[in-house]
Amino acid sequence: MTTAMGAALRRIQFGNALSAFGNGFTVPFLFVYVARVRDLGAVTAGVVLWAFAAAALVVLPFTGRVIDRRGPLPVVLVGSVVSAVGSLGFGLATSAPMAIVSSGVLGAGMAVIQPALATLIVWCSSTTTRSRAFATQFFLNNLGLGIGGLFGGLLVDTAHPGSFTRLFAIEAAMFLVLAAIVATVRLPRTVAIEDIQDAPEGERIGGWRALLADRSMVQLCVLGAVMFFACYGQFESGLSAYATDVTRIQPATLGVALAANTAVIVIAQFLVLKPVERRRRTRVIAAVGLIWTVAWLAAGASGLIHGHQMWATGAIISTYALFGLGEALLAPTVAPLVADLAPGRMVGLYNSAFALVKQLALAVGPLVGGILAGLGLYTPYIVMLVGCSLAITVLSLRLGRRLTPVQDSPMRAAAVSAPSAETARVVAAA
């Protein structure tokens, strides 16, 4: 990595961390804010959250092509401004239509920021440094969300709507700070946007058809859908319902479990980085499937021993902690793999496609989990998610058979090629 790449990457990571800090002020309180503080009811709150997800699903299919044609910087700038407008509108919303529209605007803005930032990180890193760059982003995201949530909890007062308006105003300001920081970035890009636009017809950016023809990427998207469904898609629906209804823990204990999840991510992220970099990415993902299998079995066991409250509570907290360990392993693995699968002129499209898969899983996951919880079908629920976790292991091992050594283990491939290159230089000198 060059000095220019490092400087640009540090600015991008700093802006991303501040944006996550701003998100932390509002994310834990969205449902309560709409349903109780603005007194719009639980149904309206559900529609508002649905609008947030739906807007992301609408814009993501088009985001990748724009990133690849115009570059990620303008997309981050536009997404940040749109997100700031949506956040401020959310804080001022006093009616259901305004809350729904503001949620949609905020969801659309945040959706386009994610793949654009991922593309910026790809542009400012090399194959061998990419895992560390994405691990740092994930670490800062979680740290920012956690600190923001802590400060938000201290500032908020459900009896005073103005305190929530203040939170959304802080979030909006952080989006504008992200835009200001990214606007100062000077990208060390080897292929300029003008070069892409002027390339011969056969070498220009491919579209969705080209992506869907890439069987490795399609398999990775299927794997990603199962991963996001089995973990993130259950945090706020099926798993929390199971913990309170079956394990019978107090709702406040869920906060402790989520804190354990965040703590494991923050502590483990850089401890696991070097071991992960030395191993094949698909083997690491396969290990995550096994870890999450144990996590769901622990959740199931907590329901069987709910009469022993201390042990049952410990099992649920362990479930969230094991999810955090899996997330820490995935951060330096999955996003860099998406980038290394992408042709040079389609990085934005590949990042957007994977973000779209994640968003779909996050929409379907709570729906399925909520339905099974509402019907009281908790045993099939746990069995389903144990099966999904095992499927992660199987799918990742199958994907590994299709990948090249550079795609699956770039550090090992670089270590193998380095002696060969040195030998070639010695022979040439002789």
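The following legends describe an overview and several close-up views of a predicted protein model.

**Overview. Fold content and burial of the predicted model.** The protein contains 20 helices and 0 strands, where helices (H or I, at least four residues) and strands (E, at least two) are DSSP runs numbered from the N terminus. Of its 430 residues, 52% count as buried; buried means under 20% relative accessible area, exposed over 50%, and partly exposed in between (1.4 Å probe, protein chains only). The accessible surface comes to about 18800 Å², and carbon and sulfur atoms account for 69% of that area; accessible areas come from the Shrake-Rupley method with a 1.4 Å probe, and for residues only the protein chains shown count as cover. Among contacts (heavy atoms within 4.5 Å) between residues at least 6 apart in sequence, 85% join residues at least 24 apart. Residues are numbered from 1 along each chain as its sequence is written, and side-chain values use heavy atoms, with hydrogens and water left out. Because the model is predicted, local features need pLDDT of at least 70 and side-chain atom pairs count only at pLDDT 80 or more, whereas totals for chains, interfaces and linings use all residues.

**View A. Salt bridge between Asp340 and Arg130.** The two side chains meet at 2.6 Å, N to O, in one of the 4 salt bridges found in the whole structure; a salt bridge is a side-chain nitrogen of Lys or Arg within 4 Å of a carboxyl oxygen of Asp or Glu. Asp340 belongs to helix 16 (residues 334-341) and Arg130 to helix 6 (residues 130-155), so that the pair links distant parts of the chain, 210 residues apart. Asp340 is buried at 15% relative accessibility, and Arg130 is likewise buried, with a relative accessible area of 8%.

**View C. Salt bridge between Asp408 and Arg280.** The N to O distance between these side chains is 2.8 Å. Asp408 lies in helix 19 (residues 405-408) and Arg280 in the loop between helix 13 (273-277) and helix 14 (281-304), so the pair ties together parts that are 128 residues apart in sequence. Asp408 is buried, at 3% relative accessibility, whereas Arg280 is partly exposed, with a relative accessible area of 24%.
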